[in-house]
Amino acid sequence: MVAPTVEYARKLDKEDSLRRFREEFYLNPGSIYMDGNSLGLLSKRAERTLRESLDDWKEHGIDGWTKGKHPWFDLSKRLAGLLAPLVGASAEEVIVTGSTTVNLHQLAATFYQPQGKRTKILADELNFPTDIYALKSQLHMRGYNPDEHLIRVKSRDGRVIEEEDIIEAMTDEVALVVLPTVQYRSGQILDMKRLTEEAHKRGILIGFDGCHSVGAIPHAFSEWNVDFAYWCNYKYLNGGPGSVGGLYVNRKHFGKNPGLAGWFGSRPDKQFDLEHAFTAAEDAGAYQIGTPHVLSMAPLLGSLEIFAEAGIENIRKKSLEINQYLMELIEGELADFGFEIGNPLEDARRGGHVCLEHPEAVRICKALKENGIIPDFRAPNVIRLAPIALYTSYEDVWNVVWILKEIMVEKQYEKFAKEREIVA
Ligand SMILES: Cc1ncc(COP(=O)(O)O)c(C=O)c1O
């Protein structure tokens, strides 16, 4: 049981084996950042590699593609090498490219291959909207009615999706399953290994949106035999706003032509032959499309160095502990104020954030911000609070709960309008 004192929080900070990383990040004095699951903070190393890439441009102009400190031509591949351990894949199975949405379009265009009565795509009703929009438009482009061909597995409680229900929906009409690794609202981790096995038993391909897990929890995509995955690098990986995303394709699919071809998917030695016949790269590089967004990749070089040093297992361990600490403080101190914890409580089923539900969530978030705490709001009633292993201290968490208690006792939220901001 945690003691609800600041001294106890400080003791936990002293014992935190990752505490040295906190000073590598730009934390705003007077503010506590609890939104690293939406946009991670800038680290000094990420800033350094971005500046170095600007210097490469300054000094080398076009020759920056092959010269300078971080040559651009194979940057996507070098970054893939750093990312691969975080998703449990070989470097060739990963590439840094595109955005989450674009990568899903690419992967669905490649792996959704309706045949005979197998024409449907299986997703879930709690999925992030962009995934649903992309899947619907992929169906539409192939001439299928998305209302009939996109199956969305229902949640029993509006928070989590039961694996049994997904498996039951894997019928012989399903060609492809696309699910999140971690639900963006409730933080539920789906059992990717089990779902992959069950999909494959039924002859169905399966891919995962890893936005809410990459950089927060370890993965074993290759070992689990997952067909493909895609994610953003701006949340837990601290790659910066609009940072270039990542994708993984299991090596058994190497050689499969990309649904959306572009010249950066070429075999690197063939690309500048500039032939109209496309020779696809022999690895996940084939699923790149156009010129990489170099300046939106450069911060990742520095950021991923930190992950290599800290180790994803250590990050997960602290993340579980500090989230548990937050939940216990909430239960102990806020029990009388109508909050409910909406994330699963078991370690194996919870991701990197706490999902705090309250009917007044939107106004409470505004009050938190006025008090210097940055949470985020997810309609209709969720306050997401993400203590980040690399830069959130136990004392931060203690302060968050104390300030939240004050807000509730004094009903500070009542002075705010009950509507969300344009960006929530
Ligand atoms: C699960 C999930 N998928 C996709 C996205 C966004 O996709 P993109 O990076 O293409 O904007 C988000 C953004 O928060 C997300 O949470």
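Setting aside neighbours within four places in sequence, aspartate 35 is in contact (heavy atoms within 4.5 Å) with Ile374, Pro375, Asp376 and Ala386. The structure is a predicted model, in which local features need pLDDT of at least 70 and side-chain atom pairs count only at pLDDT 80 or more, while totals for chains, interfaces and linings use all residues. Residues are numbered from 1 along each chain as its sequence is written, and side-chain values use heavy atoms, leaving out hydrogens and water.

Aspartate 35 sits in the loop between strand S1 (32-33) and helix H2 (44-60); helices (H or I, at least four residues) and strands (E, at least two) are DSSP runs numbered from the N terminus. Although buried (under 20% relative accessible area, with exposed over 50% and partly exposed in between; 1.4 Å probe, protein chains only), aspartate 35 has no salt bridge. The nearest side chain of opposite charge, arginine 384, is 4.8 Å away (Lys and Arg count as positive, Asp and Glu as negative; His and the chain ends are not counted).

Elsewhere, the count comes to 40 salt bridges, each a side-chain nitrogen of Lys or Arg within 4 Å of a carboxyl oxygen of Asp or Glu. One of them joins arginine 159 and glutamate 340 at 3.0 Å, N to O. Arginine 159 lies in the loop between strand S4 (150-153) and helix H7 (163-168) and glutamate 340 in strand S9 (residues 340-341), so this pair ties together parts 181 residues apart in sequence. Arginine 159 is partly exposed at 21% relative accessible area, as is glutamate 340 at 47%.
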